[in-house]
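Hi,

Here is the structure I promised to pass on. Have a look at it first, and my notes on the aromatic rings follow below.

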Amino acid sequence: LCCNSQGRAVGRSSAAINDACRNACDKGKCHFRKGATRAADVAFTRPMDVEALRAAGETVEGCAYFGAREAAAEADVVLVPYSYVVNSGIRKGAGLDIENAVVVFDEAHNLLEAVNGSHSSSLKGEDAAAAANAIQAYVGQYAPRLSARNTMYLKKLQKVCSLFSSYISSLKQSTACTVGALFVRAGVEQFDFADLHDWLRDADVLRKIRGFAEAQAAKAARD
């Protein structure tokens with residue numbers, strides 16, 4: 001939905017575009033964001049798909065994403081993917097309030113799969129190893145600028161990723177177990193994951209590490 005050509009110019013990766021969007025909005029440098037209400041007004045004129053809404057946003061120079069969120073808050077009918085309804089985190093992030101609302105599921109036979117998908121995740125050993133290496137490089141690069149608290153949490157996160165990587169890589173075949181058993185087998189049961197989760201949410205550090213890792217990878221590719 002990004003209408004800003006400079007934001008889209010960072011690459012095709014949605015993560016990279018999201019980072020560019022957030023940086024521009026935080027610094028007040030995206031004039032499309034400031035015109036989001038204009039895009040919201042256009043969204044009420046007729047039903048639009050994503051492409052049409054973005055084109056309309058470009059025409060009125062208003063952010064289609066934030067405009068759609070503004071419009072959703074006042075609309076009588078809102079169409080969203082399953083995940084926006086069944087996952088409270090996604091719902092909250094999108095600003096979608098379904099209290100006292102009538103919720104209708106199309107193709108409801110897919111609902112169970114959607115619920116499972118919205119509350120599940122997968123992790124590969126190589127991904128955990130890459131995350132641990134990225135965190136280590138990030139800490140090494142920015143150690144003088146990091147607070148003692150953030151450094152402590154980053155080292156905890158790196159250790160968790162390393163332990164998961166080691167355990168997953170040691171598996172010879174597929175296995176199923178409870179979350180508690182997984183934590184014990186991987187050796188991460190001593191970590192306070194609720195505390196780590198709260199820090200990750202508040203510190204917004206994952207976006208910074210991802211951007212750092214992507215920049216390092218791009219530099220390595222050029223060299």
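Before the notes, one cut-off: a residue is called buried under 20% relative accessible area, exposed over 50%, and partly exposed in between. Also keep in mind that this is a predicted model.

F193 comes out at 25% relative accessibility, so it counts as partly exposed. F183 has a relative accessible area of 21%, so that one is partly exposed as well. What do these two rings do together? Their planes are at 25° and their centres 4.5 Å apart; planes under 30 degrees apart count as stacked, so F183 and F193 are a stacked pair.

Another of the stacked ones is Y153 with W199, at 5.1 Å centre to centre and 10° between the planes. This pair links distant parts of the chain, since Y153 belongs to helix α11 (residues 148–170) and W199 to helix α13 (residues 193–203), 46 residues apart. Are Y153 and W199 buried or exposed? Both are buried.

Y153 has a charged neighbour too: K156 lies over its face, 5.2 Å from the ring centre. Elsewhere, R33 places its charged end over the ring of F66, at 3.9 Å from the centre.

Last one for your list: Y138, Y142 and F212 make up one aromatic cluster.

Cheers

Conventions:
Residues numbered from 1 in each chain as written. Predicted model: local features only at pLDDT ≥ 70, side-chain atom pairs only at ≥ 80, totals over all residues. Heavy atoms only, no water. Phe/Tyr/Trp six-rings, centres within 6.5 Å; stacked < 30°, edge-to-face > 60°. Helix = DSSP H or I, 4+ residues; strand = E, 2+ residues; numbered from the N terminus. Buried < 20%, exposed > 50% of the residue type's maximum accessible area, 1.4 Å probe, protein only. Lys NZ or Arg CZ within 6 Å of the ring centre and 35° of its normal.
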